[in-house]
Amino acid sequence: MADVKLLGLWYSFFSHRVEWALKIKGVKYEFIEEDLQNKSPLLLQSNPIHKKIPVLIHNGKSICESMVIVEYIDETFEGPSILPKDPYDRALARFWAKFLDDKVGAVVSSFIRKGEEQEKGKEEACEMLKVLDNELKDKKFFVGDKFGFADIAANLVGYWLGIFQEASGVELVTREKFPNFCAWRDEYINCSQVKEYLPPRNDELLAFFQGCARAHAVTSASTQK
């Protein structure tokens, strides 16, 4: 049996991307909770360049960066395909995953920063949402008719964005401004392929991000990816 470990954080959407892929493939793994204020020797050894989570350790070899890990899982383990088979669709999936990852900092800043930095983040995040609102009209998934790679990358905007919004009181997304995006988000959260693997939206998760919003101490893209 393959030895698979995941170094991550229970509240991290980056960690949950990797867990999602492992569960889709049916891979058994050990989850090791990290403390970013006191990083473990294993994390520092496994990701000495960036010292970030998540890190996948497979048979003693470490792989870093959430979507790189997802692609590795797709290529390494048997089970349902995560990336599309068609080369053009694969390129599209990678494009949208990169687009979404590039906007993580802006989304986080919209909710936990203050003043000019927050306004700049909100402006950039709204531009992203305009693009997504146009792209996702009458669509259930980013690429084709099957849940896949880009949809995993979209977990921040599809699920965590709503938690950030509720926790911080900052209203970034409304149905009036982004009707197509909101319709897609509703489908996303309630899709059986998604719902099965999302963490429960419970008091613990909400309270954690409320505390982060108050303290402006949530870990941003500089500490995870």
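Tutor: Buried means under 20% relative accessible area, exposed means over 50%, and partly exposed lies in between, with a 1.4 Å probe and protein chains only. This is a predicted model: local features need pLDDT of at least 70, side-chain atom pairs count only at pLDDT 80 or more, and totals for chains, interfaces and linings use all residues. Residues are numbered from 1 along each chain as its sequence is written, and side-chain values use heavy atoms, with hydrogens and water left out.

Student: Is Lys 25 buried or exposed?

Tutor: Lys 25 is buried, at a relative accessible area of 10%. Its place is in helix α1. Helices are DSSP runs (H or I, at least four residues), numbered from the N terminus.

Student: Which residues is Lys 25 in contact with?

Tutor: Contact means heavy atoms within 4.5 Å. Leaving aside neighbours within four places in sequence, Lys 25 touches Ile 73, Asp 74, Phe 77, Glu 78, Gly 79, Pro 80, Ser 81 and Ile 82.

Student: Why is helix α5 described as largely enclosed?

Tutor: Helix α5 covers residues 104-112, and eight of its nine residues are buried, so the rest of the structure largely encloses it. Among the buried ones are Val 104, Phe 111 and Ile 112.

Student: What describes two packed helices?

Tutor: The angle between their axes and the distance between the axes. Axes are lines fitted to C-alpha atoms, for helices over the stretch in contact, and angles run from 0 to 180 degrees between N-to-C directions. Take α4 (residues 87-102) and α6 (residues 115-135): the angle is about 155°, and the axes are 11 Å apart. That makes α4 roughly antiparallel to α6. The cut-offs: under 35 degrees is roughly parallel, over 145 roughly antiparallel, 65 to 115 roughly perpendicular, and the rest oblique.

Student: Which residues of α4 and α6 make the contact?

Tutor: From α4, Trp 96, Phe 99, Leu 100 and Asp 102; from α6, Glu 124, Met 128, Val 131, Leu 132 and Glu 135.

Student: What is the angle between α1 and α8?

Tutor: Helix α1 (residues 13-25) packs on helix α8 (residues 155-168) at about 135°, with axes 11 Å apart. The two are therefore oblique to each other. Phe 13, His 16, Arg 17 and Trp 20 in α1 meet Asn 155, Leu 156, Trp 160 and Phe 164 in α8.

Student: Where does pLDDT stay under 50?

Tutor: pLDDT is the predictor's confidence in each residue, from 0 to 100. Where pLDDT is low, the predicted coordinates should not be read in detail. Here pLDDT stays under 50 over residues 217-223. The chain averages 88, and 92% of the residues score at least 70.
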